[in-house]
Amino acid sequence: FLRGLSRPCVDNTLLNKISLNEKHIGVRNAMSSLASDSSGFAQRTVYSMKGSSTGRLTVTGGPNILTMKSTARKSLKSRFKDGQMVQIDLTAAEPTIALNIAGKDSPDDVYSYIAEEVLNNQVSRDAAKLIVLCALYGQSPKRLQESLPSTVSARSVINKCRDYFDVNYLEKTLSKQQLLKSLRNAVGRPLFLGLDEKRLLISYYLQSSAAELSILLFSEFCDKLRNSGFNFVPIYIIHDALIIDCSPELYKALLEKDIISLCIGDWRFNAKATNVS
């Protein structure tokens with residue numbers, strides 16, 4: 001799927017205008033690598049899945065869209081008449097993986113559900129997002145407490161979230177795999193952590209799983225779009241986001257949906273489409 005991603009069409013005039021608004025020469029130089037040649041297309045980005053221990057993508061050739069400032073994407077233009085560049089973002093990918101492992105369906109909005117149902121409307125959605133990070137990755141409740149109402153105990157809400165995600169089960173499962181030297185992410189990639197790094201087990205596992213599941217989910221998604229007869233060209237994967245060049249019919253179909261459902265096996269993930277160009 002990564003090798004099948006296409007070169008983007010780029011508006012060099014707009015790219016130069018965006019670049020001139022940047023103060024740092026390094027940012028401008030990175031953007032300049034996105035410029036199109038005489039054909040109107042930029043150089044192809046070449047990805048690697050072995051540049052990091054978790055499987056998180058790196059770029060080995062062409063424009064480094066993974067680290068390039070996001071404003072540069074506005075210079076991408078469609079090859080279709082009246083088409084648009086659209087970005088599909090997975091929402092709450094890592095918490096969704098944790099819920100799937102716990103055998104629970106993922107709500108349409110994980111953080112709103114936790115704020116309203118798990119924590120009984122004691123906190124805002126933004127606060128719920130911070131609480132989930134603490135619950136899954138073991139961050140200190142002391143700093144979290146500063147972001148919560150004085151009537152809400154950080155330790156208490158973290159424990160409720162840990163119960164909701166069944167974090168104890170996940171910790172025990174990963175610890176056992178680590179001891180047996182059989183630790184792998186959700187799609188089977190071997191993971192290597194020292195026994196003195198147990199506190200990183202869940203974050204390492206979820207980040208690695210999300211990095212590779214994103215690619216598989218987007219590949220399946222594109223197959224379904226093709227089978228439905230839509231005209232489009234996949235351009236970039238940017239971690240847990242996909243950028244595609246869409247015909248007007250597909251553009252309208254994607255943008256009118258509040259939630260796009262992506263599936264792999266019996267695991268379901270939610271995504272949202274936004275206009276890039």
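Q: Which residue is the bridge partner of Ile88 in strand 9?
A: In this predicted model, Ile88 is bridged to Ala273 of strand 9.

Q: What makes strand 5 and strand 9 a pair, and in which sense do they run?
A: Two strands pair if there are at least two bridges between them. Strand 5 and strand 9 are joined by five bridges and run antiparallel, so they count as paired.

Q: How do you know that strand 5 also pairs with strand 7?
A: The rule asks for at least two bridges, and six bridges join strand 5 to strand 7, again in the antiparallel sense. One of the partners of Ile88 is Leu242, in strand 7. Val86 stands opposite Ile244 of strand 7.

Q: What joins strand 6 to strand 7?
A: Strand 6 and strand 7, the latter being residues 241–246, pair over five bridges in the antiparallel sense. Phe232 is bridged to Cys246, Val233 to Asp245, and Pro234 to Ile244. The two strands form a hairpin with three residues between them, where His239 takes a positive phi near 60°.

Q: What is the order of the strands in the open sheet?
A: The five strands are arranged 6-7-5-9-8, with antiparallel pairing.

Q: Why are strand 6 and strand 8 said to stand at the edges?
A: Strand 6 (232–237) and strand 8 (260–264) each have a single partner strand, so one side of each has no neighbour in the sheet. From one strand to the next, the twist averages 30°.

Q: Which helices pack on this sheet?
A: Helix 9 (residues 201–227) touches strand 5 (84–90), strand 6, strand 7, strand 8 and strand 9 (267–275), and its direction makes about 110° with that of strand 8. Helix 10 (residues 248–255) lies across strand 5, strand 6, strand 7, strand 8 and strand 9, at about 140° to strand 7.

Q: How many residues are buried in strand 6 and in strand 5?
A: Strand 6 has six of its six residues buried. In strand 5, five of its seven residues are buried. Strand 6 is mostly covered, and strand 5 is described as mostly covered too.

Q: What makes helix 8 and helix 9 roughly perpendicular?
A: Angles from 65 to 115 degrees count as roughly perpendicular. Helix 8 (residues 167–179) packs on helix 9 at an angle of about 90°, with axes 10 Å apart. The two helices are therefore roughly perpendicular to each other. Val167, Leu170, Glu171, Leu174, Ser175 and Gln178 of helix 8 meet Leu201, Ile202 and Tyr205 of helix 9. By class, the residues of this contact are six nonpolar, two polar and one charged.

Q: How do you know the angle between helix 3 and helix 9, and what is it called?
A: Helix 3 (residues 93–101) and helix 9 pack at about 105°, with their axes 9 Å apart. That makes helix 3 roughly perpendicular to helix 9. Ala93, Glu94, Ile97, Ala98 and Ile101 of helix 3 meet Tyr205, Leu206, Gln207, Ser209, Ala210 and Leu213 of helix 9. The residues of this contact divide into eight nonpolar, two polar and one charged.

Q: Which residues have the most contacts inside the largest nonpolar core?
A: They are Tyr47, Ile88, Ile114, Phe165 and Leu254, in a core of 87 residues. Helix 9 gives the largest share of this core, 13 residues. Leaving aside residues up to four places away in sequence, Ile114 touches Leu119, Ala128, Val132, Cys161, Tyr164 and Phe165.

Methods:
Residues are numbered from 1 along each chain as its sequence is written. This is a predicted model: local features need pLDDT of at least 70, side-chain atom pairs count only at pLDDT 80 or more; totals for chains, interfaces and linings use all residues. Side-chain values use heavy atoms; hydrogens and water are left out. Helices (H or I, at least four residues) and strands (E, at least two) are DSSP runs, numbered from the N terminus. Axes are lines fitted to C-alpha atoms, for helices over the stretch in contact, and angles run from 0 to 180 degrees between N-to-C directions. Contact means heavy atoms within 4.5 Å. A nonpolar core is a set of buried Ala, Val, Leu, Ile, Met, Phe, Trp, Tyr and Cys residues joined through side-chain atoms within 4.5 Å. Buried means under 20% relative accessible area, exposed over 50%, partly exposed in between (1.4 Å probe, protein chains only). Angles under 35 degrees count as roughly parallel, over 145 as roughly antiparallel, 65 to 115 as roughly perpendicular and the rest as oblique. Ala, Val, Leu, Ile, Met, Phe, Trp, Tyr, Cys and Pro count as nonpolar, Asp, Glu, Lys and Arg as charged, and the others, Gly among them, as polar.
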